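The sequence and the model come before my notes.

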Amino acid sequence: MELDFNSNIPGYEEYEEVYLTLLEKTFKHLKLNSEAILSVTFVDDNFIHEMNRDYRGVDRPTDVISFAFLDGEKDKKKILQSGGPVSLGDIYISIDRAKAQAEEYGHPLKRELSFLFVHGLLHLLGYDHMTEEDEKVMFKLQDEILPPKEK
């Protein structure tokens, strides 16, 4: 597994290891047999707001945006079972949104940043939540992959 971790925001270096562990756990859980290559970048609300506006037509900040390299690939499942390296895409996570949501939901920032990574990763793998049925599948996977909530 190869994770290109980018953060110009000091104090978040530990998340590279956290995300590698979650990446491996996700692939094992989904029984995927390939070597994932992806990038994760921590950004602020201003940066992700511009991305959301320019790429999705939504004029507000969001918590996570994923750009999947396999979108529209008809052989996606075959590629993910190839055993070889697969470039999945890029995940951008807003530190500002993550902090606000962690406080709003009453859980640690690490939990929120882990959730956002898994959420973005599942998008790269082709999961979505545009319909109620798809949302149930994706959210169930998130719950199964993420570590239990700390009490």
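Entry 1, terms. For the count of residue classes below, I take Ala, Val, Leu, Ile, Met, Phe, Trp, Tyr, Cys and Pro as nonpolar, Asp, Glu, Lys and Arg as charged, and the others, Gly among them, as polar. I also note that this is a predicted model.

I then listed the lining, which holds 29 residues. Those nearest the centre of the pocket are Asp-63, Val-64, His-119, His-123 and His-129. By class, the lining comprises 10 nonpolar, nine polar and 10 charged residues. Which elements each supply at least two residues of this lining? I found helix H2 (45-56), strand S3 (64-68), helix H4 (95-105) and helix H5 (109-124). The largest share, six residues, is that of H5.

I traced four strands in an open sheet, ordered S1-S2-S4-S3, with mixed pairing. S1 and S3 are at the edges and have a single partner strand each, so one side of each lacks a neighbour in the sheet. From one strand to the next, the twist averages 15°.

I examined the pairing of S1 (residues 2-7) with S2 (residues 35-43), which is parallel and runs over six bridges. The path of the chain from S1 to S2 passes through helix H1 (residues 15-29), and I recorded this β-α-β crossover as left-handed. Within the pair, Glu-2 lies opposite Ile-37 of S2, and Leu-3 has Leu-38 in S2 as its bridge partner.

Key: Residues are numbered from 1 along each chain as its sequence is written. This is a predicted model: local features need pLDDT of at least 70, side-chain atom pairs count only at pLDDT 80 or more; totals for chains, interfaces and linings use all residues. Side-chain values use heavy atoms; hydrogens and water are left out. Two strands pair if DSSP finds at least two bridges between them. A crossover is right-handed if, with the strands pointing away from the viewer, the path from the first strand over the helix to the second runs clockwise. On a 1 Å grid over the protein atoms alone, a cavity is a set of points where a 1.4 Å probe fits but cannot get out, and a pocket is an open set with protein on both sides within 12 Å along at least five of seven lines; lining residues have an atom within 4 Å of a point. Axes are lines fitted to C-alpha atoms, for helices over the stretch in contact, and angles run from 0 to 180 degrees between N-to-C directions.
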